[in-house]
Amino acid sequence: MMSEAALQTPPLAQGILGGTFDPIHFGHLHLAETARETLDLARVHFIPAGSPPHRDTPAVSAAQRLAMVRLATASNPAFSVDDHEVMSPSPSYTVITLERLRQALGASVPLVLLVGVDAFLGLPSWHQWWRLFDLAHIAVANRPGYQLPQMSAELQSQFNARMAMPAALNQSPAGKIVCFDITPLSISATQIRSLIKARRSVRYLCPDTVVDYIDTHQLYR
Ligand code: ATP
């Protein structure tokens, strides 16, 4: 029998980090780990995009991007990898993924979509972006080179209406926007791809396991 206190404990928030991860790097991992710690998340689900609707065809296969995400997250018991978008033949829309997770995890679990400021600024271009707030909270991390005041008017009005402190995330399943601070890391997958093309080292920008995978499979050359 569960105690009354246990029954009243709200379900623990689940973080979701989507991305192309082309390749995964310490900017992603540091964002996820800081979110887990400072937003009190039980778990962070890494969800590599299959055929991304917003960008050019990735330089490596979806299966290879997925393999690198698995290698990079393997040592953290609070991280898990969701391969659903990679395996799906249809485009990767975040609203569809959130609907699936909501079904799987239940109506009361707080879901927290983790994004860097650059991704947040682009939100109004996402498929049915207004529905995101019915499905999840959004937590925005700082990223060098991008500033929140660059928000469009439509995003600004959502931000003004939904802005909350991180503690609010565990009090409802969806609908708030919070900002959280991470140690700024000026690392991007674009930069990693161009370094490799120029035959430069990317060690210490990505986990060693990812660097070794890139070397072994001769990716991004
Ligand atoms: P690319 O350079 O190919 O556009 P990227 O490095 O931005 O890739 P993505 O996979 O597109 O990586 O990013 C996934 C998510 O991680 C996005 O929400 C993005 O804002 C965030 N992110 C990536 N790198 C950083 C970083 N260095 N600091 C903060 N957030 C980051």
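**View 1. Residue classes in the shell around the ligand.** In this predicted model, the shell around the ligand comprises 8 nonpolar, 10 polar and 4 charged residues (Ala, Val, Leu, Ile, Met, Phe, Trp, Tyr, Cys and Pro count as nonpolar, Asp, Glu, Lys and Arg as charged, and the others, Gly among them, as polar). The ligand is surrounded by 22 residues, the closest being Asp-118, Arg-143, Leu-185, Ala-189 and Thr-190; a residue is near if one of its heavy atoms lies within 4 Å of the molecule. Residues are numbered from 1 along each chain as its sequence is written, and side-chain values use heavy atoms, without hydrogens and water. Local features need pLDDT of at least 70, and side-chain atom pairs count only at pLDDT 80 or more, whereas totals for chains, interfaces and linings use all residues.

View 2. The side chain of Asp-118 places an N or O atom 2.5 Å from a ligand oxygen. A polar backbone atom of Ala-189 is 2.8 Å from an oxygen atom of the ligand, and a backbone N or O atom of Ile-187 is 3.0 Å from a ligand nitrogen. Taken alone, the ligand exposes 610 Å², of which the protein buries 90% (Shrake-Rupley method, 1.4 Å probe).

**View 3. Elements of the ligand shell.** Strand E1 (14-19), helix H2 (26-38), strand E4 (111-116), helix H6 (117-121) and helix H9 (189-197) each give two or more residues to the shell around the ligand. Helices (H or I, at least four residues) and strands (E, at least two) are DSSP runs, numbered from the N terminus.

How values were computed: Polar contact = N/O pair within 3.5 Å; in protein donor to acceptor, adjacent residues only side chain to side chain.
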